[in-house]
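Here's a quick briefing for anyone meeting this structure for the first time. Have a look at the model, then read on.

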Amino acid sequence: MAYQHPDNETIIQALKDTKTIAVVGLSDKEYRTSYQIAKEMQDAGYRIIPVNPMVDQVLGEQAYDSLLDVKESFEMINVFRRSEHLTSLAKEALQTDAKIFWAQQGVQDDDAYEYLKKHDFTVMMDMCLKVAHAVLMK
């Protein structure tokens, strides 16, 4: 099954159901897209949990090495990694309480999509979280 974007109502509901976002690949460098988008989402009221073994803290939040190391609960996983990492991240996602998986623009994998959909995840791929939030949550 090839990936298809969910309808706008599904995306809006996912954004409303989310309070905390685990951001995989979040950089501590302000010029990086991951930082800028996570900051924007934090400014919009979401709690951000950085997931990146190369940093200790980002945006005032403790960073974790992997999704499985995160102690707090989170509803959404936002991925800033290359497409080839999505299948392993999807398998990690299944071991969390999250049910929303969002891969940023340019990041997509049909196998990961199929796997997540079989396990009742809401899945967005190749779509910018910040743009979707700005357009749909006016």
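**A buried glutamate**

E61 counts as buried because its relative accessibility is 18%, where buried means under 20% relative accessible area, exposed over 50% and partly exposed in between (1.4 Å probe, protein chains only). Keep in mind that this is a predicted model, in which local features need pLDDT of at least 70 and side-chain atom pairs count only at pLDDT 80 or more, while totals for chains, interfaces and linings use all residues. Residues are numbered from 1 along each chain as its sequence is written, and side-chain values use heavy atoms, with hydrogens and water left out.

**More on E61**

- You'll find E61 in strand 4, residues 61–62 (helices, H or I of at least four residues, and strands, E of at least two, are DSSP runs numbered from the N terminus).
- Setting aside residues up to four places away in sequence, E61 touches Q42, R47, I48, P50 and D56 (contact means heavy atoms within 4.5 Å).

**Over at K19**

- K19 sits in the loop between helix 1 (8–17) and strand 1 (20–24).
- With 59% relative accessibility, K19 counts as exposed.
- From C-alpha to C-alpha, K19 and L59 are 16 Å apart in space, and they are 40 residues apart in sequence.

**Where two helices meet**

- On the helix 2 side (residues 33–43), I37, E40 and M41 meet L129, K130 and H133 of helix 5.
- The residues of this contact between helix 2 and helix 5 split into three nonpolar, one polar and two charged (Ala, Val, Leu, Ile, Met, Phe, Trp, Tyr, Cys and Pro count as nonpolar, Asp, Glu, Lys and Arg as charged, and the others, Gly among them, as polar).

Note on methods. Axes are lines fitted to C-alpha atoms, for helices over the stretch in contact, and angles run from 0 to 180 degrees between N-to-C directions.
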